[in-house]
Amino acid sequence: MNKIENQTLALAGILQSAALVDQLASKGTCHSECASASLSSIANTSAKVVDIFTSQTQLSVGMSTLKVVLGKKTKSMQAITFYALSLINLEKKLMKNPALLNTITAEIDTLNKQTFFEITHTNSIARLANLYQSTLGELNPRIMVKGEQVHLSSQRTADHIRALLLSGIRAVSLWRSQGGKTWHLLVNKRKILKTLDTIERSSSSLENLA
């Protein structure tokens with residue numbers, strides 16, 4: 001897999017987390033398989049995109065959202081675009097705060113060693129949510145999620161949203177490790193969209209692109 005393909009898939013991971021957060025905030029539910037893949041990425045320390053997302057199905061929400069955001073912008077994508085850009089800025093602040101980064105890394109390492117709960121289990125999601133809230137949630141400006149109050153007031157939904165925001169930070173870190181930069185989103189729109197089309201035509205398994 002070449003550099004632009006890795007960057008594109010990692011970028012789709014960022015958009016996926018943002019889109020899933022928007023789904024939860026507005027509907028109270030989200031795409032389960034993509035949510036599981038995004039949450040699982042938090043505990044996966046691999047630097048390879050294909051080790052984290054192994055199929056297009058696991059990134060389907062992110063890939064389709066990225067297409068819309070870079071193509072014809074619609075009003076419905078404003079919140080998702082805001083979340084994605086906010087995650088990129090938040091990750092940048094995190095990288096400048098070694099103490100906070102060490103706290104997050106240590107907690108994720110602890111979660112990895114505990115096998116009695118899957119990362120997608122309600123208890124694990126609550127723990128990830130608390131980790132996000134006590135670390136990244138303290139950095140300003142905070143990411144303000146908008147949606148239906150009936151959903152946002154649910155503790156379970158709120159936990160899921162915070163955990164997915166943490167998965168978004170993981171995706172940003174992955175994107176940057178592949179050479180991703182914010183200005184690419186403006187300059188390389190056509191190249192990213194063309195790469196998405198190539199990936200979608202190639203195979204349903206991302207591993208075949210490696």
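## Basis of the values

The model is predicted: local features need pLDDT of at least 70 and side-chain atom pairs count only at pLDDT 80 or more, while totals for chains, interfaces and linings use all residues. Residues are numbered from 1 along each chain as its sequence is written, and side-chain values use heavy atoms, with hydrogens and water left out.

## Nonpolar core

A nonpolar core is taken as a set of buried Ala, Val, Leu, Ile, Met, Phe, Trp, Tyr and Cys residues joined through side-chain atoms within 4.5 Å. Buried stands for under 20% relative accessible area, exposed for over 50%, and partly exposed for what is in between (1.4 Å probe, protein chains only). The largest nonpolar core contains 64 residues, and Leu-11, Ile-14, Leu-66, Leu-136 and Trp-175 have the most contacts inside it. The greatest contribution to this core is from helix α1 (residues 3-27), with 12 residues. Helices (H or I, at least four residues) and strands (E, at least two) are DSSP runs, numbered from the N terminus.

Contact means heavy atoms within 4.5 Å. With residues up to four places away in sequence not counted, Ile-14 touches Ala-84, Leu-87, Ile-88, Gly-168, Ala-171, Val-172 and Trp-175.

Glu-5 lies in helix α1. Glu-5 is buried but has no salt bridge, and Arg-201, the nearest side chain of opposite charge, is 9.4 Å away. For charge, Lys and Arg count as positive and Asp and Glu as negative, whereas His and the chain ends are not counted. Neighbours within four places in sequence aside, Glu-5 is in contact with Thr-195 and Ile-199.

## Salt bridges

A salt bridge requires a side-chain nitrogen of Lys or Arg within 4 Å of a carboxyl oxygen of Asp or Glu. The structure has 5 salt bridges. One of them joins the side chains of Glu-200 and Lys-67 at 2.8 Å, N to O. Because Glu-200 is in helix α11 (residues 189-202) and Lys-67 is in helix α4 (residues 60-70), this pair ties together parts 133 residues apart in sequence. Glu-200 is partly exposed at a relative accessible area of 34%, and Lys-67 is partly exposed at 30%. Lys-67, Asp-197 and Glu-200 are linked in a network of salt bridges.

Arg-176 and Glu-91 form a salt bridge with their closest N and O atoms 2.6 Å apart. This pair links distant parts of the chain, with Arg-176 in helix α9 and Glu-91 in helix α5 (residues 78-95), 85 residues apart. Arg-176 is partly exposed, with a relative accessible area of 27%, whereas Glu-91 counts as buried at 2% relative accessibility. In the salt bridge of Arg-127 with Glu-107, the closest N and O atoms are 2.5 Å apart. Arg-127 lies in helix α7 and Glu-107 in helix α6 (residues 98-113), 20 residues apart.

## Surface patch

Trp-183, Leu-186 and Val-187 make a nonpolar surface patch of about 370 Å². Patches consist of residues with over 30% relative accessible area and no salt bridge, like charges being joined within 9 Å and nonpolar side chains (Val, Leu, Ile, Met, Phe, Trp, Tyr) within 5 Å. Accessible areas come from the Shrake-Rupley method with a 1.4 Å probe, and for residues only the protein chains shown count as cover. Trp-183 sits in the loop between α9 (155-177) and α10 (184-187) and is partly exposed, with a relative accessible area of 46%.

## Cis peptide bond

The peptide bond from Asn-140 to Pro-141 is cis, with omega near -5°. Pro-141 is in the loop between α7 (122-134) and α8 (149-152).
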